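Colleague: Please take one part of this model and look at it closely. Then set it against the rest of the chain.

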Amino acid sequence: MTSHEPTAHQLPGIAWGGEPAPAPAPGAGPLEWFDSWLAKQPDAPAVVDGTTTWSYRELDQAAARIVRALDGRVTRGRLVGVCLERSAPLVAAAVALARIGAVYLSLGARPGAERVESITEDAGINCLLTDGTTPPPPGWTVAPDDAVDGLTVTRHGGRADGAPSDAFCAVTTSGSTGRPKIALLPQDAIANLVRWTCDRLEIGPESRVGLFVGTTFDAHLKELWEALSSGATLYVAPEDARGSMAELFQWWRESGLTHCLLPTPLAELAFTQPWPAGLALRHILVGGDRMRVRPPEQCAAVVHNVYGPAEACVLTTTHRVRPRSDDPTAVVPIGQPLTGYTVFITDEDGRVLPRGRAGEVRIGGAGLALGYVDPQRTAERFVPAPAGQPYVDRVYRTGDKAVMRADGTLEFLGRTDDQVKISGARIEPAEVEAALETHDSVRHAVVVPYQGTGGGLRLAAFLLLAEGARADEDAVLAAARARVPKQAVPAVVRFVDAFPLNANGKVDRALLTRQAAPAASTAPGAAPTPQTPQTPQAEDPEAFLLAACRRLLDQPDLTIADNFTESGGTSLAVARLLALIESTYPIRVKAAEVMRQPDLAALAALVATRLTASARG
C-alpha cells in the first residue's frame, strides 16, 4: 500500500452499486418486458409445470381468463391475497394482477385461518385466489362459477383498501406484535432487480429458470419475473426436489435448468453431497441465512451468496463464492451492492461508521420498498438517509449487523435485535410468543432460539400456564400453527412454574437457551457440518430411523409412534433425513412419502419394503 492509498478506517462505510443495468426488453417494467417477448416469440415455452407446458401465448390467455373472472371485483391498486403453491396458475395470477394494476400478495399455499384473518384485516383485502382444495376461511365465500384454470376466487364483504398507485406487489415479513408486516414494493424496485439478474446472470430466451423457493418467500418474485421478462422458460420445481438431494439433482439434470436459487441450508446440504456431472447449471444463487459451506470443486456453476431483506426487494448485495478448496475456513461475505443500491454501515444514531467498524446495515436506492401498509411501522424503519449523501434521500433500517471491508465488501455479523432465521425464514420470537399466548391455557410464553444437533437454529418455547390450566402441548402448538409460518413453530415446548430472572430482573433468555440446547449441540456460530447421526446398525431400519430423527429434530424422547411433521419436521429436516437414508441404503424415498407417513414406524416399514424389493432386483 502506498502512502497515498487510504486505509480502511479513513474510508466511510458506504458502498454504491452504480447505475441500473440494461433492460432485458423494450419497456419500463416487468409486464412490458413480458409483452415484448409475447409479441416476439408467442409460441416459445414460458412455463413448464410437470407435464404441463404453456407457451407465452397460452400463459397470456390464462392470465386474460383470470382478469375476466376478477372483472368488477378487483380494481387497480387493490391488494389481492394469492394462496397458491408454485404452479402455472400462480404465474398466470401474477401476470393477471399486473395487467389489472392490482397488488399481488402471496400468503402461501394453505395459510392458517387466523393468519389469513390478520393479514387481510391489516391490508384491507377482500379477495383471495386459492386452489379450491381447502375450505375457505370463516366469513369467506366461493361462488360456483368462480373457478378458472385451477384457481378459485374467494371473497368476503369486508373493506377493500387501496395501495399507493405505484405499488406493484407486496410481501409479508415477521412482526413482533404477532401480526405480520406487509411491505409494498413499487414496480421500479422489481424492475431494478430484474435488470440486474438478467444482465449479470446472463438470463435470456435460451435460459431455463427454476421456480423453486416457497411462495411465502419474496425470492419467488425474482424467479418468476426475471424469467418472463427475458423470454426464458420458467420451470416449476417438483415438491420432491425441495426435500431430497437426489431428486433435486435429477430435476436439474432432466430439465436442463440453467439458473436456480437455493435457500442457504438446502444449498449447504447439496454442497456436501457427491456433485452430479453433466449439469447445464450456469448460476446458483444462495440466500436466506449466513453461508458457511462452500461449493465443491466439481460444481461448474457460478455460486453467488446473496443478501437482502424483503423491504429492499429480495437482493441487495451479492458475492461470488469460490470452491471450498480455496480456504474452507474463510468467512463467506455477502458482497457488494447490486446496481441501483447504496448500502451504509451506521451507528445507532444513523451516523456513517468508517470501514472496518461493525454497525447496522441501512439500505437506500432503487430497490427500496414504499413502506409498510402500517404508516407507524413505516416511520420506524424507513428513515432519512445519513446527512450529506447525494444518491439517496431515505433508507431502510435493516436491524442487521455487518462490517464493511476496505474494498466495500460486506461481512454479515447477525442481528442487532432478537430476530433470527429459521430454515431461511425471518422470525421474530415475539411473534411466536404472541401466537402461543392466544391459547387459553397459556398465561406467558418465552421463545428462544438454540443451535440444534441436526444443524441450524431451532426454537424452544417455555410456557407459564394460566391458573388451573392443563398442560396440553398439542393444543398449544396447533394454535401456533394457525398463526405463524411452519418454520416458526417451536421444536421444543416446556411448561414451567416460573421463569429464571437475570440481575436486572428480566427473564434470563440466555439461561433458557442453554436449557433448550441438547448436550451435543453445535457451538454458536459454528458451521453446521452435515454428518451421520450416531445410530444403531443399519440392518434395523426402525432403530436407525428413530435415532436419526431424534438427532435431526432435537427430540431425544421421540418414539417410533410419533409423526415426523408434527414433531417439527420441516422441509430442510426431510432433506437431511433423505440424505442419510440414501447414503445408508441403496434405495430412493421421496419427500412426500416421508411427510404423509402417520408415524416413524410406518416410515421404517416403507424403508424395509424398499430394501426387500432392492434385494430381489
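**A close look at Q597**

Modeller: Q597 touches N563, A602, L603 and L606, with residues up to four places away in sequence not counted. Contact here means heavy atoms within 4.5 Å. This is a predicted model, in which local features need pLDDT of at least 70, side-chain atom pairs count only at pLDDT 80 or more, and totals for chains, interfaces and linings use all residues. Residues are numbered from 1 along each chain as its sequence is written, and side-chain values use heavy atoms, with hydrogens and water left out.

Where does Q597 sit? It is in the loop between α15 and α16 (600–616). Helices are DSSP runs of H or I with at least four residues, strands are runs of E with at least two, and both are numbered from the N terminus. Q597 counts as buried because its relative accessibility is 16%. The cut-offs are under 20% relative accessible area for buried and over 50% for exposed, with partly exposed in between (1.4 Å probe, protein chains only).

The side chain of Q597 reaches back to E593, meeting its backbone oxygen at 3.0 Å. E593 belongs to helix α15, which covers residues 591–596. E593 is buried too, since its relative accessible area is 10%. Its side chain makes a polar contact with the side chain of R610, at 2.5 Å. A polar contact is a pair of N or O atoms within 3.5 Å; within protein, one must be able to donate a hydrogen and the other to accept it, and residues adjacent in sequence count only if both atoms are side-chain atoms. Apart from neighbours within four places in sequence, E593 is in contact with L606 and R610. L606 is also among the residues that Q597 touches.

L90 is found in α3, residues 88–100. L90 counts as buried because its relative accessible area is 0%. Its contacts beyond four places in sequence include V82, L84, E85 and Y104. L211, T215, H220 and L224 also touch L90.

Most residues other than glycine have a negative phi. E202 is not a glycine, yet its phi is positive, about 55°. Its loop runs between α5 (187–200) and β11 (208–211). E202 is exposed, because its relative accessible area is 53%. V314 also has a positive phi without being a glycine, at about 75°. Its loop joins β15 (302–307) and β16 (317–321). V314 is buried, because its relative accessible area is 5%.

Finally, the whole protein. It has 16 helices and 28 strands. Of its 617 residues, 56% count as buried. The C-alpha trace spans about 65 × 60 × 55 Å along its principal axes. A compact globule with 617 residues would have a radius of gyration near 25 Å, so the 24 Å of the protein agrees. That radius is taken over C-alpha atoms, and the globule rule is 2.2 Å times the number of residues to the power 0.38. Among contacts with a separation of 6 or more, 65% come from residues 24 or more positions apart.
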